[in-house]
Amino acid sequence: MTAMNAMNASNESSAERERGTRPVVLDVRDLSVSYGKVEALHHIDLKIRRGEIVTVIGPNGAGKTTLLAALMGLLPAQGEIVYLGERQGAERQVEQLVRQGMTLVPEKRELFGEMSVEDNLLLGAFDRYRGGHRDELETMDQVFEIFPRLAERREQLAGTLSGGERQMLAMGRALMAKPKLLMLDEPSLGLAPLIIKEIFRIVAELKKTGVAILLVEQNARAALQVADYGYVLETGEVSLEGPSAELASDPRVIESYLGLGGKGGAAAR
Amino acid sequence: MIRMKFLLAFIAALAVGPLLLPEFYVTLLNYIGLYAIVALGLVLLTGVGGLTSFGQAAFVGLGAYTTAYLTTVHGVSPWLTLLAGLAITAAVALFLGSITLRMGGHYLPLGTIAWGISLYFLFGNVDFLGGHTGITGVPALSLFGFELKSGREFYYLIWAVLLVIVLATRNLLDSREGRAIRALKGGTLMAEAMGVNTPRSKIVIFTVAALYACLSGWLYAHLQRFVNPTPFAIAQGIEYLFMAVIGGVAHVWGAILGAGLITILKQWLQDWLPRVFGQSGNFEVIVFGLLMIFVLHRAREGLWPIVLRLFPAQNARPRVADAEPLPRRSLPERGSVVLEVRDATKRFGGLVANNAMNLSVRAGEVMALIGPNGAGKSTMFNGISGVDPVTSGAVSFRGERIETLAARDIARRGMSRTFQHVRLLPTMSVLENVAIGAHLRGQRNFVHAALRTERVEEARLLHEAALQIERCGLAEHMYDAAGNLPLGKQRIVEIARALAADPCLLLLDEPAAGLRYLEKQALGDLLRRLRDDGMAILLVEHDMDFVMGLADRVVVMEFGEKLAEGLPEEVQRNPAVLEAYLGGVE
Amino acid sequence: MDLQIALLLGQDGITNGAIYALLALALVLVFAVTRVIFIPQGEFVAYGALTLASLQAGKLPGTLWLLLGLGAAVALVEIALALRTRQMRRIPSILLLNCGIPLLLGGILFAIPPATLPLAVQVVLALMLVVPLGPMVYRLAFQPIAEASVLVLLIVSIAVHVTLIGLGLLFFGAEGSRTPAFTDMSFEIGDALLQGQTVLVVVASAVLIVALYFFFERTIYGKALRATAMNRTGARLMGISATMAGKLSFTLATLIGAFSGVLISPITTIYYDSGFLIGLKGFVGAIVGGLASYPVAAAGAVLVGLLEAYSSFWASAYKEVIVFTMIIPVLLWRSLTTRHVEEEE
């Protein structure tokens with residue numbers, strides 16, 4: 001245990017140096033989430049800076065989706081969440097966070113199946129429209145530039161799209177809100193390898209626009225390739241963290257996925 | 001025992017009441033009794049079963065008009081007209097129930113509103129029923145040659161009937177059928193998987209509630225000695241529901257409390273409100289409506305639980321009596337194939353969730369089904385257990401094709417399951433929850449339950465449930481409410497419930513999720529013991545340490561297809577599996 | 001029955017059917033967005049008709065007191081919330097919206113005798129008095145329990161209905177009202193006489209339906225409501241709050257209800273409790289559409305209107321019995337054709 005903590009600490013400091021002084025978008029300290037009497041997340045610390053991709057990887061059931069739901073205000077959580085330098089109150093509401101530029105592309109995509117691609121995108125800009133902005137058509141053109149496939153299908157109903165196109169639409173819809181923090185929950189879920197490659201290429205592109213990206217993935221290799229920094233989540237706790245390149249070559253990542261370590265994996269709990 | 005004393009005091013007060021009270025209060029108590037009988041039916045329907053009806057007043061009317069018409073026009077004995085009324089009511093309820101209960105829960109109440117309005121207008125317009133003036137001259141009831149002519153005499157009949165049906169309802173709820181009915185509120189999925197015929201349970205409680213209402217109507221007609229359409233209008237149907245909800249819709253005594261409160265409040269408000277507003281009219285509905293909104297916002301369980309809190313129950317724990325063990329199913333021979341899935345494909349519209357899946361499970365082995373999120377494991381589970389049948393392909397269980405059978409019929413054949421999202425009834429004890437699993441091992445129906453002639457069978461069922469709870473190491477929690485257990489233990493309760501069905505194949509959906517290290521070890525030991533007893537176990541699990549240490553064979557799924565199959569150590573070394581789990585773009 | 005009577009009854013049926021269709025659409029909308037089975041719809045029909053009748057009779061409509069009362073209640077609840085979450089900035093706008101505007105409306109009614117105003121202004125005034133009640137009712141009765149089961153929402157809906165019936169009696173009294181016909185025109189087509197009132201109701205309903213269609217298909221708020229009905233979670237993630245969608249759908253439904261009341265007020269005498277049956281006939285239409293399909297619901301509602309008109313000729317006493325019994329074959333057909341799948345998972 002102690003060896004591991006020391007390791008984490010050294011990772012963190014070296015990473016801090018590398019990550020430089022870009023402004024912090026999201027700073028999470030000591031975050032815990034419980035379902036009834038069971039704690040699903042224990043004391044998570046996590047930090048994302050502007051123009052940075054941070055990934056949270058980990059096996060199924062480790063609590064990754066719970067983490068995003070808590071950050072997005074869909075679940076009550078204990079601990080400190082500082083977003084854009086402002087400490088979040090206990091009564092954080094999804095709608096309020098959307099207004100502040102936080103968006104989530106959920107694991108199930110949650111598209112409006114009986115509406116056209118265009119209408120789905122338009123609704124992505126709903127909150128901005130309500131706030132008095134009238135640039136949704138320009139934003140939509142920008143989204144179509146990023147996802148030309150969506151432009152081809154603009155009249156089609158979202159429910160009739162293929163799996164990859166649905167993911168693109170879900171991401172495009174989130175981008176319509178011009179987010180400051182984009183959270184992606186398992187964008188590779190159920191997609192064929194070629195499509196996954198395309199999606200991750202786009203994620204890497206998006207980084208250049210300055211948006212901070214929190215990428216939650218089960219597909220560890222793909223995620224670590226695009227990310228700057230990574231956290232390994234295992235049974236509700238961060239068991240490892242560090243710059244992506246270091247994590248990618250860490251044997252413990254493989255262990256935690258396939259249970260090859262046996263005792264090692266159990267001790268970490 | 002404080003509660004018992006209060007009950008006895010209540011009954012004693014009821015017995016001497018009419019001897020001391022003035023006429024007005026006896027009449028009021030008569031009405032409270034009549035209303036409580038109807039509200040009790042709604043407790044069963046709404047509070048216990050999670051359904052509702054606004055048309056109970058129409059069933060009251062059916063009972064009242066049947067007896068009024070037959071006794072006055074044809075001179076039939078009131079006791080025979082009671083039977084006739086009950087028969088007509090049962091027929092109407094069965095018909096209405098069978099056409100609305102298959103669909104979403106809101107069709108029944110909407111259907112009952114329409115039916116209530118139709119019947120009201122029918123009563124008011126049919127000439128032989130006296131139109132809006134109604135039928136007069138309904139004869140008095142006579143009991144053993146004694147005519148019940150005054151309200152004071154009738155009082156004892158009404159309250160005796162009420163207490164008898166309170167008792168019968170309590171008996172019904174505390175039985176095998178009662179547990180099946182209470183399981184309805186937790187959704188039909190779990191109940192069906194335990195073998196409960198949920199449409200039947202729903203129709204039964206709707207019919208019973210209608211019969212209570214009919215009984216109340218019959219009493220009303222002979223108390224009042226005349227009938228007209230007004231008391232059977234939809235507004236009265238709504239008031240019955242208000243009584244049940246305000247009193248405490250999940251408690252049999254709540255019906256009496258609610259009927260009493262609303263009736264007295266109405267009397268009082270009808271005196272006062274017209275004076276306050278300076279005009280006459282039914283202004284009490286404003287107060288009732290606001291009161292209902294308030295109760296549903298702030299105390300959805302109604303007032304009875306608040307009354308109960310004043311008199312905390314002492315922990316007189318029921319002991320599970322020793323009983324003759326239930327007969328057991330003959331288990332398939334160890335090593336023989338219990339479950340065989342061949343070329344199973346499941347499509348949701350254009351999406352293929354399972355594509356030509358093959359797998360088999362033998363008696364005395366643990367087979368693990370693993371794979372990344374979205375690989376189609378749960379779909380496969382649902383296809384096997386009949387929750388959501390496969391589109392094509394074959395599922396054979398003990399040599400019999402089952403892919404077209406309903407979940408409850410598959411359960412009957414010896415397959416039992418747990419759920420990924422725990423589906424226990426949180427307010428019921430662990431013992432009762434587990435006893436639901438043994439549902440198919442009893443035969444006695446709700447009539448036996450109401451009359452308590454199923455006690456021998458009930459003791460055997462509870463004994464079996466207790467045995468399974470002990471087997472799973474939860475004996476200390478046997479009488480705790482299931483919802484108060486930590487999630488990990490709730491998962492074990494689900495396993496105990498599945499075992500109470502005496503299955504030969506156990507389907508476990510992520511049994512180790514949320515368990516602590518020691519709990520996982522205990523679960524592993526339990527599953528190993530079951531395997532050694534010859535049980536076939538198919539489990540979906542994400543915890544790899546747990547799976548690899550336990551499974552005899554592993555099937556890995558990806559994109560709805562089988563990626564690999566073999567011994568745990570083979571699968572762990574398989575490059576395709578490594579790729580699927582860790583991903584990779586190149 | 002000769003052809004002339006048949007045509008006359010057909011006219012009646014279509015007039016009523018058009019109004020039931022409007023109500024059916026509102027019911028489907030409210031159910032899809034909020035899962036509330038909107039029983040009080042009928043009370044807003046009655047309020048609309050009775051408010052217009054009061055204005056035309058030169059009386060101060062009782063709706064004003066209701067509006068002031070509900071507005072004050074909403075303001076109290078909202079201010080208490082603002083104090084608890086320390087958002088003092090919101091208090092002035094809360095007061096203005098819920099108390100200021102109703103007071104202003106009251107002031108106008110006191111200042112200008114409404115009986116002298118042109119019909120169109122009277123109608124607009126009546127709608128302004130009734131429509132805000134919808135979102136206020138949503139705020140007080142439904143918003144705090146928006147996540148409850150359909151069953152609980154339905155019982156609350158019934159409780160609201162009963163309360164509004166009582167308040168209707170209090171504010172409008174027990175006597176019924178009938179407003180003068182909007183138009184005396186009539187057209188002769190062949191042998192039949194086409195009444196101007198019928199044309200007016202059908203055209204007004206059609207215009208409203210087309211307007212609703214444009215709202216849902218062409219405006220971002222309309223699309224947001226549809227999105228909420230399709231996928232609540234998805235809509236929330238776009239910042240479309242359930243509260244906003246709920247209030248908006250209640251506003252629209254109340255507008256439709258009150259407007260239907262205005263349309264129907266010259267055709268039949270409306271009492272404080274007449275709305276319930278009218279609303280329920282809209283429901284029969286909505287149930288034909290499975291509480292989900294707008295066009296089928298509207299068609300079902302027109303069918304209800306026709307059935308009602310013809311049965312009032314053949315068996316006038318059994319008119320209501322026939323209309324409400326029609327729900328039985330509809331339910332039977334739906335139960336045989338739909339396979340109910342558990343909502344969860």
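Predicted model: local features only at pLDDT ≥ 70, side-chain atom pairs only at ≥ 80, totals over all residues.

Trainee: In which order do the six strands of the open sheet in chain A lie?

Mentor: The order is E6-E7-E8-E3-E9-E10, and the pairing is mixed. Strand E6 (102–105) and strand E10 (237–243) of chain A are the edge strands, since each of them pairs on one side only, while the twist from one strand to the next averages 15°.

Trainee: How many bridges join E6(A) to strand E7 of chain A?

Mentor: Four bridges do so, and E6(A) and E7(A), the latter spanning residues 181–185, run parallel; within this pair, Val105(A) stands opposite Leu184(A) of E7(A).

Trainee: Which helix of chain A packs on the sheet?

Mentor: That is helix H2 (residues 64–71) of chain A, which touches E3, E6, E7, E8 and E9 of chain A and whose direction makes about 150° with that of E7(A).

Trainee: Turning to the contact between chains B and C, how does one describe such an interface, and how many residues does each chain give?

Mentor: The size of an interface is often given as the accessible area lost when the parts come together. Here we can count residues instead: 41 come from chain B and 40 from chain C.

Trainee: Which helix gives the most to the side of chain B that touches chain C?

Mentor: H5(B) does, with eleven residues, and helices H4, H8, H10 and H12 of chain B each supply at least two. By class, this side of chain B holds 24 nonpolar, 15 polar and two charged residues.

Notes
Residues numbered from 1 in each chain as written. Chains lettered and ligands numbered in written order. Contact = placed C-beta atoms within 7 Å. Nonpolar A, V, L, I, M, F, W, Y, C, P; charged D, E, K, R; others polar. Pairing = 2+ DSSP bridges. Axes fitted to C-alpha atoms, helices over the stretch in contact; angles between N-to-C directions.
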